[in-house]
Structure formats: C-alpha cells, structure tokens
Amino acid sequence: CIRCFSCRTLVAGSRPPQQPLHVDCANGVGALRLQQLMPQLQKLGLQLQLYNAGQGRLNHECGADYVQKEQRFPAGMADVPAGVCCASIDGDADRVVFFTKGQGGTFVLLDGDKIAALAAVYLRRLLSQAPPGTADSITTGVVQTAYANGAATRFITEQLGLQVRCTNTGA
C-alpha cells in the first residue's frame, strides 16, 4: 500500500530506535489497531510497549487528554526509565502527545506545538539530504489552530523559516 511505501521511504537509512516506544492506549480502540500494526512496525525496526491496552476503564487516569491536562504519567507508566520516548493516545486514537521522564524523574511533555516543530525540523533535514532537484518543488509548512502556542508559531516562522497556516479546530 502507498502508506506502507511512504513509511518505509521515510525511515530508509535511519537507525531503528534502541528502545521501544512506550504507548499509553487509554484502554480504547487504538490498542487494538496498534496490536495489529506491531508486526509491520517491527519489520521497520520499531518496537512498541503498550500500556492501558483494554484492561481498565476508558480514559481513566490515562489517555492524551489526561496526560496533557494533568502533566502526569498515565496509570502504569510512572516507572518507565528516564529518557525513553513515550506516547499517549486518547480513547478513540485521534489525539497523541509524547512525553518522557527527565532528570530526577520529572515529567516532560511534548505537546502538539512541539511535535509539529520537531516534525518540521525532521522533514526539513530529510529534504536537505535529497538528491539535487528532487525537493525543489516541495514547500514545507505547518498547519496550526488558533489554540497554538504563539512561541511555537514564532519559532517555526522565524527560526525555521517555514510558513504557518491557521485552520479552524476540528477542520
């Protein structure tokens, strides 16, 4: 399928992560789909460790909304090692936040604005490594909602030199 080809192309030449991605599934439907995707992701070198994968109440002390609003580790994930990459999806798997455990066990959140900035930096780096002429017709930008952090918008436009477009929430 085209999505699998695109994913393989995106990660071609990248080293697989040394540690698994720890994913809080909010006891929702996303856990089922991630379990189905795990064999394909493993072929690409990505290992997943799933938490809250259906054994508890939906979104109870877990899920992207809980993690972002409470700025806390979801149920069952307080003991993840420092520095590992963690993600939390919500019950219907249409939102994601990333987080990690920092120095001294502190909670460090990577919300949508930070994720967008990191993705833009990554895409810019990939395009800069493309053969000459390959990426000439590609314009890279970031789409945000009115709820976006102004500092993130300034970073993307001023530091990265990328266009930012605003769209309605839910559009």
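Which residue is the bridge partner of V23 in β3? The answer is A87.

## Basis of the report

This is a predicted model, in which local features need pLDDT of at least 70 and side-chain atom pairs count only at pLDDT 80 or more, while totals for chains, interfaces and linings use all residues. Residues are numbered from 1 along each chain as its sequence is written, and side-chain values use heavy atoms, without hydrogens and water.

Strand β1 covers residues 21–24; helices (H or I, at least four residues) and strands (E, at least two) are DSSP runs, numbered from the N terminus. L21 and V23 point one way from β1, H22 and D24 point the other way, and all are buried (under 20% relative accessible area, with a 1.4 Å probe and protein chains only). In a regular strand the side chains alternate between the two faces of the sheet.

β1 runs parallel to β2 (residues 48–51), joined by four bridges, and D24 stands opposite Y51 in β2. Strands pair if DSSP finds at least two bridges between them. Three bridges join β1 to β3 (residues 86–89), also in parallel.

Together with helix α2 (residues 29–43), β1 and β2 form a right-handed β-α-β unit: with the strands pointing away from the viewer, the path from the first strand over the helix to the second runs clockwise.

## Helix α4

Helix α4 (residues 112–128) has 17 residues. The buried residues of α4 are D113, A117 and A120. They lie on the same side of α4 because they cover an arc of only 60° around the axis, taken from the directions from the helix axis to the C-beta atoms. These buried residues pack against β6 (141–145) and α5 (150–159), where contact means heavy atoms within 4.5 Å.

Terms used: Buried < 20%, exposed > 50% of the residue type's maximum accessible area, 1.4 Å probe, protein only. Expected span 1.5 Å × (residues − 1).
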